[in-house]
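Subject: Structure for you to look at, with notes

Dear colleague,

I am passing on the structure that we discussed, and my notes on it follow below. Please read them with the model open beside you.

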Amino acid sequence: MKIDKLPTEFIKALPIIKKIEEAGYEAYFVGGSVRDIILDHKIHDVDIATSAFPEEVKQIFPKTIDVGIEHGTVLVLFDEEQYEITTFRTESTYQDYRRPDEVTFVRSLEEDLKRRDFTMNALAMNKDGIIIDHFNGIEAIKNRVIVAVGDASERFNEDALRMMRGLRFASQLSFSIEEKTLQAIQTHHSLLSKISVERIYVEWIKLLMGESRNQGLRLFTETGCFSYCPGFKNKESELNNLLLLDDRKVIENEIIAWLLICYSLKIKDTSLLLKGWKASNRMIIAVKEGVFQLKNREVKEWQNLDLYQAGREIVSYVEQVRFIMNQSSDEKLALQLYEELAIKSIKDLSVGGKELLTYLDKTPGPWLGKTLAYLEKQVVQGNLLNEKNSLLKAAETFIKEES
């Protein structure tokens, strides 16, 4: 197969290929970017594999960084771009189901492609657009099927994360998984316990954000992979309920993804679940607030205080989750109501602590924070104008009543 018109990303990288070849070595575009040309998908990263060993690559290019030289990868800086150049390699046994005990550099492209996960990713393309396909990857792409390279059990024992990658690709590409490959996932799914949560996290979120989310979710539960993910072991029926949702309503980011999961699965302690997934503190705070507001929206429309507490981002995400879940939703109206709030944060109050201390002639104490919180609430609810004199007088009245 020959690609007659290379995408811009590849054309810009052609000088890299040519320089390596001029030095007497082979070089090819490899992996997912080649697959995406065939699928006519947007190209993200362009990866290059070569018969040149790392030290030889560094002799060819003046500007390089050793990003993973022990595994054969050198980062080449060229024309304000960065390219990962990886030496053809073979890998030995995998004692921990994720990293090879030993990496051996080789001069053979076929030996290098043999170690890759799925046939659709075991493709290479030369500078002339000719695709090298030793494992029928093009046929798999045309048939929209995910097939492991060689023996599926061996591939998953080498790196168990490949099972989650397979499910993720099913979601992202709307592909099915070939029977032997699927059986191997069902057989070896427990190996996910050997994989770091951080690595599984990346594949899981990509699965949820795929255009065929239900395809990935169905396989996630059918293969048993779900049972080796934090907090999901006893949630099979709840995960299956997600299949009732229309996956044409695509999840646009990972906060929405986690909001949908935590709310749909009725997770009682979202912080505990997300800590188990090693999520960031920002994610934990956002999801906790989002779930709280989703529960509020079950019984009432947006109120000023809820809008204020949630913030614009969470208001938007809550309405998007409700839309995905086929609940009444009006994101545009909710955001309009948010924008109409008198203040968006306590910093927007027309008076601050120093002005209250001066006006009331009092020393600092717990009363100050309490008074500011009162003024903030009254302004948000529309009971007070955000005007300096009004707020100072309201504060004076509040202090008297509290005394």
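The largest nonpolar core holds 124 residues, and the members that touch the most others are Phe29, Trp204, Phe220, Phe232, Trp258 and Trp277. A nonpolar core here is a set of buried Ala, Val, Leu, Ile, Met, Phe, Trp, Tyr and Cys residues joined through side-chain atoms within 4.5 Å, where buried means under 20% relative accessible area, exposed means over 50%, and partly exposed lies in between, with a 1.4 Å probe and protein chains only. Trp204 is in contact (heavy atoms within 4.5 Å) with Met164, Leu217, Phe220, Phe232, Leu239, Trp258, Ile261 and Trp277, leaving aside its neighbours within four places in sequence. Another core, of 12 residues, lies apart from the largest one and has Val106, Leu109, Ala122 and Ala124 among its members. In soluble globular proteins, nonpolar side chains tend to be buried together.

Before going further, a word on the basis of these values. This is a predicted model, in which local features need pLDDT of at least 70 and side-chain atom pairs count only at pLDDT 80 or more, whereas totals for chains, interfaces and linings use all residues. Residues are numbered from 1 along each chain as its sequence is written, and side-chain values use heavy atoms, with hydrogens and water left out.

The protein chain is divided into domain 1 (1-143), domain 2 (144-245), domain 3 (249-341) and domain 4 (348-402), with bounds that come from an automatic or database domain assignment. The centres of domain 2 and domain 4, taken over C-alpha atoms, are separated by 55 Å.

Next come the annotated sites. An unreviewed UniProt entry gives "binding site" for Gly32, Arg35, Arg116, Asp159, Arg162, Arg165 and Arg168; UniProt positions are in the numbering used here, feature names are shortened, and annotations may be inferred rather than shown by experiment. The lining of the largest pocket includes Gly32, Arg35, Arg116, Asp159, Arg162, Arg165 and Arg168. On a 1 Å grid over the protein atoms alone, a pocket is an open set of points with protein on both sides within 12 Å along at least five of seven lines, and lining residues have an atom within 4 Å of a point.

Gly32 lies in helix H2 (residues 32-39), helices being DSSP runs of H or I with at least four residues and strands runs of E with at least two, numbered from the N terminus. Not counting residues up to four places away in sequence, Arg168 touches Glu203, Lys206 and Leu207.

The unreviewed entry also lists Asp45 and Asp47 under "binding site", and the lining of the largest pocket takes in Asp45 and Asp47. Asp45, in the loop between H2 and strand E2 (47-50), is exposed, with a relative accessible area of 59%. Asp47 is found in strand E2 and is partly exposed at 32% relative accessibility; leaving aside neighbours within four places in sequence, Asp47 is in contact with Tyr28, Phe29, Val30, Ser33 and Glu84.

Finally, the structure holds zero disulfides, a disulfide being a pair of cysteine sulfur atoms within 2.5 Å. For Cys225, the nearest cysteine sulfur is that of Cys229, 7.2 Å away.

With best wishes

Notes. 1 Å grid on protein atoms, 1.4 Å probe; cavity = no way out; pocket = protein on both sides within 12 Å on 5 of 7 lines; lining within 4 Å.
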